[in-house]
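Thanks for coming. I will take a few minutes to go through one structure, starting with the sheet and ending with the charged pairs.

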Amino acid sequence: VFPSLAQAQASVANEVYQELGQPCIFLFCPTEYCSSLCSPSPSQSCYLQTIGQELLPGISVIWTGPKVVSQELSAVLLEEVEAVLRRRPVIWDNLYANDYDCRRVFLGPYMGRAPGLMSRLQGLLLNPNCELQANFIPIHTLGTWFQNELGSCAHPDQAGMEEVAALGDSQGAQDGSYSPQEALELALCDWVAEINQQALEPGR
């Protein structure tokens, strides 16, 4: 019926989206959802070009970055993805995901995401550790990153300067940029307080 997989997927997604009354949040995960799955690249992928052309503009597209688990996200990559999809992507961030190796638990701060990314995103989903309690630091530091991003949006003149900073650097708060180390220290303080509070509860 369809000349390509991309056209089939876009047609079905569009029909479901319309049948549901075009909800404000409708997520589509493409078969090529990161750069490493694209041939030869996101901008030259016939599949993504078709998805971008055929998918209704109200449908958001999920993207994980350069890889399924991306250590870094850059503005240049997101600009390329936005151009081919004809919409800003929703980042499905697998930085902390450990479902592929449950012997590992990731407790470091949210990092490796360039300053000023929020203006290039439709949204961001954090795929956490499978162990519930282990996600305090990931979610807490993501919140700190998000607050810094909101500050950058409020002061767009600073955003260009921050792009020069290395991904995931440890600049201090004196220039208003996100510091993974400081975010980690804040998260640890709050986590210890949370653990101590739980220890005082009856039956603990």
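Strand 2, helix 3 and strand 3 make a right-handed β-α-β unit. Right-handed here means that, with the strands pointing away from the viewer, the path from the first strand over the helix to the second runs clockwise. Helix 3 covers residues 75–85. Helices (H or I, at least four residues) and strands (E, at least two) are DSSP runs, numbered from the N terminus.

Before I go on, this is a predicted model: local features need pLDDT of at least 70, side-chain atom pairs count only at pLDDT 80 or more, and totals for chains, interfaces and linings use all residues. Residues are numbered from 1 along each chain as its sequence is written, and side-chain values use heavy atoms, with hydrogens and water left out.

Four strands form an open sheet in the order 1-2-3-4, with parallel pairing; two strands pair if DSSP finds at least two bridges between them. Strand 1 (27–28) and strand 4 are at the edges with a single partner strand each, so one side of each has no neighbour in the sheet. Strand 2, residues 60–63, pairs with strand 3, residues 90–93, over two bridges. In that pairing I62 stands opposite V90. Strand 3 also pairs with strand 4, residues 123–126, over four bridges. There V90 stands opposite G123, and D93 opposite L126.

That brings me to the charged pairs. How many salt bridges are there? The count is three, where a salt bridge is a side-chain nitrogen of Lys or Arg within 4 Å of a carboxyl oxygen of Asp or Glu.

One of them joins D93 to R113, at 2.7 Å from N to O. R113 is in the loop between strand 3 and strand 4, D93 is in strand 3, and the two are 20 residues apart. Are these two residues buried or exposed? Both R113 and D93 are buried. Buried means under 20% relative accessible area, exposed over 50%, and partly exposed in between (1.4 Å probe, protein chains only).

Another salt bridge is E79 with R120, the closest N and O atoms being 3.1 Å apart. E79 lies in helix 3 and R120 in the loop between strand 3 and strand 4, so this pair ties together parts 41 residues apart in sequence. E79 is partly exposed, at 41% relative accessibility.

R103 and D101 also form a salt bridge, with 3.2 Å between the closest N and O atoms. R103 is exposed at 78%, whereas D101 is buried at 18%.
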